[in-house]
Amino acid sequence: MITKIIASQKITEVEELLNKHDKIAIVTHVSPDGDAIGSSLGLYHYLNDLGNSVNVIVPNSFPDFLKWIPGARDIVDYEKYPELAQKLIAEAGLIFCLDFNTPKRTCRLAPFLEAAKGEKVLIDHHPDPADFCDVAISYPALSSTSELVFRLVCRMGDFEAMSHDSATAIYTGMMTDTGAFTYNSNSAEIYCIISELLKKGIDKDLIYSNVYHNYSEGRYRMLGFILSEKMKIYSGYNSALIWLTNEEQNRYKVKKGDTEGFANLPLNIKGIIFSVFIREDNEMIKISFRSQGAFPSNKFAARCYNGGGHLNAAGGEFYGTMDEAIAIFEKALPEYADLLKER
Ligand code: 5GP
Ligand code: MN
């Protein structure tokens, strides 16, 4: 059984907004992941099918292994088409904010989002949402925003109307935010929802293959390199660090998304409960955190790098050198020694 998690009042409010507006923008976070793209396109197809004029706008590009999702080619990338992206946000009567909890997470889109006159609906599963939307559908206990989109559509009485494309996008987001249902996925209802999506005719085996059998050769060569040369284990703290410089990434011709999942790798090692991946990006250093059990990677991210996220998957940014970023991590580890001992 799928229980009614979203408050009825919120459903009514979204229905009223949809009755009022037909020019809709869907916005998601910077460096969009599978859940960001999956939830956005799941909602995009649904709203399009209802006859609205809908546009998905992303702050920057997303990985190739998400580009096969139906509708992905229609997404407007602010980095490529800044004027169009701004115009679509400014002219939308209704703006859906998907898979982020504060405008800051949309980076360079944030000022346009904040200035936009359109009414806003948040659909998200990150803790501590900022108060920037007219209606906030925020449920951090759920494993993905895509699941929330499914629940919203069903609660508006439109499961029958949900298209195959919408169902495919939603399943992709649910799958990628749970590592293909290997973590954060113990809720029985997730599998009831998958069962409903299968009734829509989705090919879940093909979706898996499209996402996880679609990496570049460079990624796999680099994987060998990092596992042998660039992974440091802090056994006293059950922790691990992987770090990659720009030069190393260039050596393996890294493209967007090629380093996806690297942060998780050390968790495969017996005893490791906290993993950190530090990577030089264009203008900053990007840090990803993964943990197992109760260790709060989001608190670590917030404290050390002004970041945030979920308990077991978080991230942050750092403006400085790689050595400085690593030093901050190594200095903080002993302060978390007690929590890192708990298995
Ligand atoms: P990833 O490591 O896959 O980039 O991000 C994992 C999770 O951490 C994301 O789903 C998001 O919730 C969070 N996250 C990543 N980067 C940042 C960041 O710079 N700031 C905040 N607040 N959260 C982040
Ligand atoms: Mn998500």
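How many bridges join strand 11 to strand 12, and do the two run parallel or antiparallel? Two bridges join them, and strand 11 and strand 12 (residues 313–318) run antiparallel. Hold on to that pair, everyone; we will come back to it.

A word on the ground rules. This is a predicted model, in which local features need pLDDT of at least 70 and side-chain atom pairs count only at pLDDT 80 or more, while totals for chains, interfaces and linings use all residues. Residues are numbered from 1 along each chain as its sequence is written, chains are lettered from A and ligands numbered from 1 in the order in which they are written, and side-chain values use heavy atoms, with hydrogens and water left out.

Now, back to our strands. Helices (H or I, at least four residues) and strands (E, at least two) are DSSP runs, numbered from the N terminus, and two strands pair if DSSP finds at least two bridges between them. A hairpin of three residues leads from strand 11 to strand 12, and G308 has G315 in strand 12 as its bridge partner. Strand 12 also pairs with strand 10 (residues 285–291), in the antiparallel sense, over six bridges. There, R290 stands opposite A313 of strand 12.

There is another open sheet of six strands, this one with parallel pairing and the order 3-2-1-4-5-6. At its edges sit strand 3 (76–77) and strand 6 (135–138), each with pairing on one side only. Five bridges link strand 1 (residues 23–28) to strand 4 (residues 94–98) in the parallel sense, with L98 of strand 4 as the bridge partner of T28.

Let's zoom out to the domains. An automatic or database domain assignment gives the bounds, and the chain is divided into domain 1 (8–212) and domain 2 (218–336). Their C-alpha centres lie 27 Å apart. Counting contact as heavy atoms within 4.5 Å, twelve residues of domain 1 touch eight residues of domain 2.

How much area is buried between domain 1 and domain 2? About 860 Å², with carbon and sulfur atoms giving 47%; buried area here is the accessible area (1.4 Å probe) that two parts lose on being put together, summed over both. On the domain 1 side, P63, F65 and P127 supply 31% of the area buried against domain 2, more than any other three residues.

What about charges? A salt bridge here is a side-chain nitrogen of Lys or Arg within 4 Å of a carboxyl oxygen of Asp or Glu. Between domain 1 and domain 2 the count is one salt bridge. K255 and D64 also meet through their side chains in a salt bridge, at 2.8 Å from N to O.

By that rule the count comes to 17 salt bridges. R108 forms one with E79, the closest N and O atoms being 3.4 Å apart. R108 lies in the loop between strand 4 and helix 4 (110–115) and E79 in the loop between strand 3 and helix 3 (82–91), so the pair ties together parts that are 29 residues apart in sequence.

One last stop: E196, which has its place in helix 7 (residues 188–199). Leaving aside neighbours within four places in sequence, E196 is in contact with I2, F150 and F159.
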